[in-house]
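I am opening a notebook on a structure that is new to me. The entries below record what I looked up, in the order in which I looked.

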Amino acid sequence: MSVKSSKRAVTIAFNALKEQITETEALLTTWKKDTSKRDLDAAVEHGSLLNAKVKTLESATDKLEAAVEGDAEMDDAAVANAEDYMTKAIDLLGQTNTARDKMAAQKDILLSKLPAQDSSRDKAPKQLPQGVAFPKIPRFKGDKGSFSSFWTVFEEVIHKADLSNVIKMTHLQNYLEGEARELIRKFRVADENYELAVEVLQKKYNNKKRIVIDLHDALDSLKAKTDAVKDQRELLEQLQVVIKQLEDHDQTLDILMVQKSIIRKFSRQIQERLYDKKLDSEEDEDWTIATLITDLEKVITKQEKLNENLKANQESRHQSEKKANSQRPQKDTKGSSSENPKESKKWCVYCGGKDHYSDGCPTVAVKDRLSHLKQAQRCLRCTKKGHSKAECKVVMVCNYCKKDHHRSLCTDAETKRSGENAAKDKQERLHATAIGEKKGDQGSKESSIATTVATRGYIPTLRTSAQNPSNGEWELISTMLDSGADQTYLRKDFAEKWKLPNEGTETFNLRTFGSQDSKSITFDKTTIRIKKGKRTLDMKVLVSDNLAGRVWKARLTKDDLEHIVKKKMDINKDVFEDVVEPQLIIGCDYLSDLMIGNMITLPSGVKLIKTHIGFTTMGRRDQKKDPSESKEDFERHLLMAVKEDLQIEYSIQAEDDQRRDTIMKTANEFTGPMTEEKSLAIKETDEIFDRTVEKREEGYFVKIPFKEDHPELKDNFGIAIKRLQSVVRHSSNEVLGMIDKVIKDQLEAKFIEEVDPSEDSEGTLIRYNHHQPVLTPLKNTTKCRVVIDASSHHRGEPSLNDVIRTGDTILPDIVHMLDRFRSGSFAMVADVEKAFLQVFLHEEDRDVTRIIWLKDLQKPATKENLVYYRYTRVLFGLNISPYLLAATIRHHLKTHPNQELAQEILANLYVDNLILTSDENFEKLKNLYRDTKGIFNEMKMNLREYLSNSEQLNNFMDEKDKAEHKEMKVLGIEWHSSSDTIRMKCDYEDHEKLSRRTVSSDVASNFDPSGLLVPLFLKLKLFQRQLWNGQYGWDTELNEEHSQTWMELIESIKGYQVTLPRQIILKNGKNWIVTFTDASQDATACAIYVVNEKGASLIFGKSKVKPLK
């Protein structure tokens, strides 16, 4: 089934299900008023009807998805349009679940109210009881999508009733309208005509079994509104509904591709937590769809609990700080000299003021700041000089709107600030609290509270598992190691959350630093159990309202990471966090149970301490190794409560990011503008190619240009075998046979060769690559292409493409090529057969191109049934392959004696498509055919599919070189060689609902690189601009007026086609170029004509709509 037919089927099924949902909701409202057996029968019927409609829609969507996947020539706009259809179907299926749940509940209520003998629902009503009104039967107007809904109700109420056919025929006519009524109008009302009328209706309008595809499309289209946990939860619930329906329809979802698709729908944070959970699991089994959903449920639930804990802690801390602030005496700032003005970090980039930050500048308004930064040549992200925003390496987002610009440019800032509490309570943060006990004057216990801010002297923290006694499960918590505290403390909200037992109290006299007075504080006592390696540790702890707040962690340098990897150290997960918020502070009473005592100094100067839970970081960086850190940059570890200014903190973090980038820069790393860096990389790749390319008797041999010092490349065998099993499991015998034929043909042609893994030598770089079939049934040559996936990799490891350098895109401009195609009396086109496989791969690099296939297609993909191959030629699937092909041809043409023809080929070869034109006589045309054939033969490449507008030349060519058809697409444009004309068309597909998305898709759907149809499309662009006034979202349905306008515009050009002569440029004569330009308030346009003895012809056109702003 074609994509267009599949979309039509989805629309029909969609409308039918939508109408059925509406009717079901109406009946549910009616049933609340009274109860009868008729209602129970109707409930059963409507429940069955809903299920049937769901299956129909799912099947239609499934077929649409299959049609899209099978059409290799669909462009991005057409694919996006098809995806819109599937998205709408999924949304409607979500509504269906609600209706079905309500229907099931109503059936239970009706059953409970009716006598037992009335609960039978198996028999259809044979006649309606006298005096009872007919249930509402929907009217059928000829819409195929609603026929099933209409007929199901009509059949149960009228068709199966004990009525004469004349009465049934009368009712049938009464419930039909429009086209459907006209269809049976030819039948007179008679007993013998009723069955005939029904048969005619069934034949024309009945269409079933379409729902599985819709469910698959629903699964693909589901996505979360935002990365917020509540939206992630909503996404999971929607997925569970769709997956349950697919499983009810016996659909197998335990496929790696489906699982990866589901995982990618969630936020990066959820994905990381999910993979962490998988890596931490002792089981080495793959996910099933059930275990994946279970793990997602646990991860999201855990994140919800974490958010609750953080929220509760923040509220508790805010209340405590607010109370403390209210009791703090006011300072006399007039005579105060405790603050050193030199230590102020406030500075405004706009006015230079030192009493405020840039986002609070009273001199330069927000609307004027963008132009101010541009004039000063400052970065729009970090506001520093010396680079643009595109070159900025600072990772920073706006504090107010979270977008990619400096906070001082944010138009939402004033709104955000006005909603904040003016008091500074919300900016105050109390960090780590360490309690040290000592004997007081009267023999009581007295302690000091040490409170720290995030400093360059980093505090050691550990992430470990603690047992939640309320459910018995082990959950991850963050702990801080504090040698200055003689006891261990647990956060109060955490203890309450886990319902830890209260084991009494203990009272201390506490004196804060700088104060002569002490006060008495009482702590609750409890016990918590944590894991230390493979053992557990029960700790008696004191419960405190507040602990450490946020603790900043040391950012490891590249040298640090390399040292850790080289030494194979077991690093605790907390080390890789930027900031942690400990729930537990471990004092000296239990430190010795965790710490092993081994300390290692990293290259940056940061220390690693070995514990039973892995290494953690502490200490400070070595200033000698980081001279960029000035003394003033350090925040001090103070034994007092301090205020944390978040704005300063973000500024320091940005500076740290820049400093870290500088530290991690390698000796060979380029730090100039991106364009220069790319140009240098391309030049180096060209040099590697020229240095390593070899011409042998068999052809050209090239090497893969690997990056210098690339990460270790593992063999990838696990992924390759799993994906092979997936291909075998989900491909028909016909498709497997096509793949097998391709592989055997390549083996016979020596494009691949068999290898024995048992003979692999140590040190050889080996990579197994997943491959999959791409079916192109409409192509005249290759119907099935085996494509290698060189981008597959395990999590945290590089793919094959990741370790290969990039090359230049050696392709001529497509518009220029089309212009040259339209010159000359004669045109000749040809295609390089299996172009990539004509370039040999150097023997040293072949083992990274290994693939796995089956010995016997009738047996499963087990180890005994596997055969191993590697490519001997450049394979399609490597990012570098197009470059290697183009560079090889370029290298050969540079040294060819016929440089005139060589340069013409180079300028008119687009990947593997050659287009040449000529004004010469037949003899010269023959030579052109022979010479091009010969040049590519020298490279051991075969030019085929030759086609010319010269019948004499076509007849002269060898049969094996000729194209099968006289019409073909040349760079996407239809060319009819017999008449030597090109044809341009305007084709548009119908949409069930119009929106900004469908309009944009239609505007971009017609391929016209030379702009020959620009006059037709300008009105569409002007209409498209109207939709960007803020009235519509991307998928919001257009109102009636806009929909009507758009349909009229489309109808005015739909189906338009024009045939134009191919040759409009004289290859050897005089041509004049005439350009017209015009502008209005709405648009600008230009038209370029070529004028010669053949007349005047449009060669290029372009229009641009004026932006709204």
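**Overall.** What share of the contacts in the protein with a separation of 6 or more comes from residues 24 or more positions apart? I find that such residues account for 69% of them, where contact means heavy atoms within 4.5 Å. I note that this is a predicted model, in which local features need pLDDT of at least 70 and side-chain atom pairs count only at pLDDT 80 or more, while totals for chains, interfaces and linings use all residues. Residues are numbered from 1 along each chain as its sequence is written, and side-chain values use heavy atoms, with hydrogens and water left out. I looked up the elements next and found 29 helices and 33 strands, which are DSSP runs numbered from the N terminus, with helices being H or I of at least four residues and strands E of at least two. Of the 1109 residues, 45% are buried; buried means under 20% relative accessible area, exposed over 50%, and partly exposed in between, with a 1.4 Å probe and protein chains only.

**A sheet.** I then followed an open sheet of three strands with mixed pairing, in the order β15-β16-β21; two strands pair if DSSP finds at least two bridges between them. Its edge strands, each pairing on one side only, are β15 (694-695) and β21 (840-841). Strand β16 (residues 700-702) runs parallel to β21 and is joined to that strand by two bridges, and Val702 stands opposite Leu841 in β21. Helix α23 (residues 881-894) packs on this sheet, where the helix touches β15 and β16 and its direction makes about 135 degrees with that of β16. For such angles, axes are lines fitted to C-alpha atoms, for helices over the stretch in contact, and the values run from 0 to 180 degrees between N-to-C directions.

**The cores.** Which residues have the most contacts inside the largest nonpolar core? They are Leu724, Leu800 and Phe936, in a core of 75 residues, to which α23 gives the most, with six residues. A nonpolar core is a set of buried Ala, Val, Leu, Ile, Met, Phe, Trp, Tyr and Cys residues joined through side-chain atoms within 4.5 Å. Leaving aside neighbours within four places in sequence, I listed the contacts of Phe936, among them Val832, Ile889, Leu914 and Met941. A second, separate core has 49 residues, including Ala9, Leu236, Ile293 and Val299.

**Positive phi.** Asn716 has phi near 65 degrees and lies in the loop between β16 and α20; with a relative accessible area of 2%, Asn716 is buried. Leu971, with a positive phi of about 50 degrees, has its place in the loop between β27 (967-970) and β28 (973-976), and its 13% relative accessibility makes Leu971 count as buried.

**Cysteines.** I finished with disulfides, meaning pairs of cysteine sulfur atoms within 2.5 Å, and the structure holds zero of them. Is Cys986 buried or exposed? Cys986 is buried, with a relative accessible area of 0%, whereas Cys1086, at 23%, counts as partly exposed.
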